[in-house]
Amino acid sequence: MRLADIDTGPAPAEPPPAGRRRGPRIVYRTARARDAADQAEVFHHAVMQGAAGHYSLVEREAWATALPRDGSAWAARQALYTTLVADCEGRCVGFLELDMPRGRIETLYVWPSLGRRGIGSTLLVHAERLLLEQGVTRAAIEASAMLVEGLVHRGWQRLGDDWVERGGERLYRQRLEKRLVAVET
């Protein structure tokens with residue numbers, strides 16, 4: 001299965017005023033092998049910087065070392081999971097790994113300085129659509145503390161607390177589920 005390139009960059013009704021530039025265009029697509037090194041960096045920085053308000057430095061270091069900061073490891077994960085990326089000017093700036101048969105979001109990370117701009121939400125929309133196309137009616141995720149409120153706002157239901165061990169540290173997360181419904185467009 002292949003996600004078609006979808007350009008969801010800004011499309012204002014009028015051109016921007018002179019001297020004011022629109023932000024960079026984000027394209028959502030399936031991952032390519034060349035995205036793997038960027039995925040490693042997005043993961044590392046999202047954990048070390050993006051999660052700083054929710055987890056201690058020791059917890060973030062344990063979490064960040066749980067997956068290698070090496071492109072070849074992330075390329076191997078692309079063979080295991082359907083991986084969607086947010087591409088900005090040819091670079092992966094966010095990604096989502098999806099276990100299609102289990103209807104499970106494995107990972108969702110966005111470059112920290114691009115957080116709160118809808119990149120993660122858009123990746124989720126594409127993942128939900130792909131799951132629906134495969135006949136999956138419920139999606140599941142074990143979400144970090146930094147994602148939970150945003151997911152609940154998007155219609156995910158809390159199922160309970162969860163703890164995972166990473167590098168000798170216990171990290172808090174929550175189990176969530178979402179009933180998927182096709183939306184007519």
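## Model and overall fold

The model is predicted: local features need pLDDT of at least 70, side-chain atom pairs count only at pLDDT 80 or more, and totals for chains, interfaces and linings use all residues. Residues are numbered from 1 along each chain as its sequence is written, and side-chain values use heavy atoms, with hydrogens and water left out.

The protein chain has 5 helices and 8 strands. Helices (H or I, at least four residues) and strands (E, at least two) are DSSP runs, numbered from the N terminus. Read from the N terminus, the order of elements is β-β-α-α-α-β-β-β-α-β-α-β-β.

Of the 185 residues in the protein chain, 43% are buried. Buried means under 20% relative accessible area, exposed means over 50%, and partly exposed lies in between (1.4 Å probe, protein chains only). A contact means heavy atoms within 4.5 Å. Among contacts with a separation of 6 or more in the protein chain, 60% are between residues 24 or more positions apart.

## Helix H1 and its two partners

Two packed helices are described by the angle between their axes and the distance between the axes. Axes are lines fitted to C-alpha atoms, for helices over the stretch in contact, and angles run from 0 to 180 degrees between N-to-C directions. Angles under 35 degrees count as roughly parallel, over 145 as roughly antiparallel, 65 to 115 as roughly perpendicular and the rest as oblique.

How do H1 and H2 pack? Their axes are 9 Å apart, at an angle of about 165°. H1 is therefore roughly antiparallel to H2. The crossing of H1 past H2 is right-handed; a crossing is left-handed if the near helix is turned anticlockwise from the far one by less than a right angle, and right-handed if clockwise. On the H1 side the contact uses Phe43, His44, Val47 and Met48, and on the H2 side Leu57, Arg60, Glu61, Trp63 and Ala64. By class, these residues are 6 nonpolar, 1 polar and 2 charged. Ala, Val, Leu, Ile, Met, Phe, Trp, Tyr, Cys and Pro count as nonpolar, Asp, Glu, Lys and Arg as charged, and the others, Gly among them, as polar.

H1 (residues 36–50) also packs with H3 (residues 71–80): the axes come within 7 Å and cross at roughly 105°. H1 is therefore roughly perpendicular to H3. Here Ala36, Ala37, Gln39, Ala40 and Phe43 of H1 meet Gly71, Trp74, Ala75 and Gln78 of H3. This contact has 6 nonpolar and 3 polar residues, and no charged ones.

In H2 (residues 57–64), Glu59, Arg60, Ala62, Trp63 and Ala64 are buried. Their cover includes H1, E5, E6 (138–144), E7 (157–166) and E8 (169–179).

In H3, the buried residues are Trp74, Arg77 and Gln78. They lie on the same side of H3 because they cover an arc of only 110° around the axis; the arc is that of the directions from the helix axis to the C-beta atoms. These buried residues pack against H1, E3 (82–88), E4 (91–99) and E5 (104–110). Ser72, Ala79 and Leu80, on the other side of H3, are exposed.

## Residues in loops

| Residue | Relative accessibility | Class |
|---|---|---|
| Asp35 | 0% | buried |
| Ser56 | 36% | partly exposed |
| Glu89 | 63% | exposed |
| Arg116 | 85% | exposed |

Asp35 is in the loop between E2 (26–30) and H1. Leaving out residues up to four places away in sequence, Asp35 touches Arg29, Thr30, Gln78, Val85 and Cys92. The C-alpha atoms of Asp35 and Gly71 are separated by 8.0 Å, with the two residues 36 apart along the chain.

Ser56 sits in the loop between H1 and H2. Its C-alpha atom is 9.8 Å from that of Leu171, which is 115 residues away along the chain.

Most residues other than glycine have a negative phi. Glu89, which is not a glycine, has a positive phi of about 55°, and is found in the loop between E3 and E4. Arg116 has a positive phi near 65°, and lies in the loop between E5 and H4 (119–133).
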